[in-house]
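Below is a colleague's note for someone opening this structure for the first time. Please read the points with the model in view.

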Amino acid sequence: MVKIKGGELSQPLIELLALKIDNPREDATEESPVFSLEVSDFYISKYEVTQELYQKVMSGIPDANPTPSYFNDSPAEGEQQLKRPVERITWYDAISFCNKLSELEDLTPVYKISDVLRYSKDNAIKHATVTADYSRNGYRLPTHAEWLYAANGGEKSKAEYKYSGSNELADYAWADDNAEDMTHQVGLKKPNELGLYDMTGNVAEWCYDNIWNEKFEYRPYVDYQGPKDGVVKIIKGGSFVYLAAGTFFAYENSSQVNGRQSLRYYNVGFRIARNVE
């Protein structure tokens with residue numbers, strides 16, 4: 001886990017998100033903007049969750065499938081199969097993983113999960129009732145705001161939005177032009193400014209939030225977790241394939257894909273986060 005010093009998302013990045021924001025207050029000024037997105041200090045995993053870690057954790061849950069990945073053999077030459085990112089898991093499966101890992105490390109789970117229903121094939125969770133208590137110290141999915149902040153360098157790149165889709169993309173990401181249509185062992189590309197690997201490319205990543213489709217008030221938002229209701233979650237980070245099932249996975253860190261929390265995607269995995277105590 002990498003400790004991230006909190007702060008505000010840069011205004012250029014917020015502008016690229018094209019959020020629906022109410023009319024600004026009359027007393028707003030450039031020196032003291034009244035709409036902002038801010039995150040507190042948090043931890044986020046250096047790598048995407050690997051098949052190895054997922055298998056180790058989920059083997060302890062009755063009825064769970066610890067080996068769900070589509071890319072379950074034939075890694076690229078010189079790469080380790082179990083070091084490839086886990087994929088083809090629902091958002092609910094990622095939530096379940098976070099709780100179980102918390103229990104294994106004697107932490108208090110963030111999520112309460114009930115009314116679990118699983119697919120008859122592969123046993124992925126297709127429905128559950130999930131509530132979150134962010135005062136707890138266990139593992140969790142990053143929020144959309146945390147993911148954006150970490151992917152764009154946090155305070156180290158606060159003054160400007162960092163566009164990852166450049167000529168140097170191949171140095172940092174497994175993308176559609178270098179991944180050969182498959183996932184790769186995590187951590188083989190260069191990290192970003194905060195030491196985080198594969199924030200762009202390899203597999204896209206589930207965030208906690210429902211899609212941000214509401215209208216924001218013109219005020220500061222601190223540790224925003226998205227709308228309370230919804231069944232469609234935010235997916236970030238591009239993937240090894242640019243186009244999958246008719247959906248574009250862009251390599252800009254401002255771009256997002258929206259996915260139903262009950263579905264599995266062969267190019268979507270996740271990384272984990274924790275509060276700083």
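1. Helix 2 (residues 51-58) and helix 3 (residues 91-104) have axes that come within 9 Å and cross at roughly 70 degrees. That makes helix 2 roughly perpendicular to helix 3, a label used for angles of 65 to 115 degrees (under 35 is roughly parallel, over 145 roughly antiparallel, the rest oblique). The axes are lines fitted to C-alpha atoms, for helices over the stretch in contact, with angles from 0 to 180 degrees between N-to-C directions. Helices (H or I, at least four residues) and strands (E, at least two) are DSSP runs numbered from the N terminus.

2. The model is predicted: local features need pLDDT of at least 70 and side-chain atom pairs count only at pLDDT 80 or more, while totals for chains, interfaces and linings use all residues. Residues are numbered from 1 along each chain as its sequence is written, and side-chain values use heavy atoms, with hydrogens and water left out.

3. Which residues of helix 2 meet helix 3? They are Leu 53, Tyr 54, Val 57 and Met 58, and their counterparts in helix 3 are Asp 93, Ser 96, Phe 97, Lys 100, Leu 101 and Leu 104; contact means heavy atoms within 4.5 Å. By class, the contact of helix 2 with helix 3 has seven nonpolar, one polar and two charged residues. Here Ala, Val, Leu, Ile, Met, Phe, Trp, Tyr, Cys and Pro count as nonpolar, Asp, Glu, Lys and Arg as charged, and the others, Gly among them, as polar.

4. Strands pair if DSSP finds at least two bridges between them. Strand 2 (residues 7-8) and strand 4 (residues 36-39) run antiparallel, joined by two bridges; Gly 7 has Val 39 as its bridge partner in strand 4. Strand 4 runs parallel to strand 10 (residues 220-222), with three bridges, and Glu 38 stands opposite Val 222.

5. A further open sheet has four strands in the order 14-11-8-15, again with mixed pairing. Its edge strands are strand 14 (256-260) and strand 15 (268-269), each pairing on one side only. Strand 8 (residues 204-210) and strand 11 (residues 232-236) pair in the antiparallel sense over three bridges. Lys 236 in strand 11 is the bridge partner of Glu 205.
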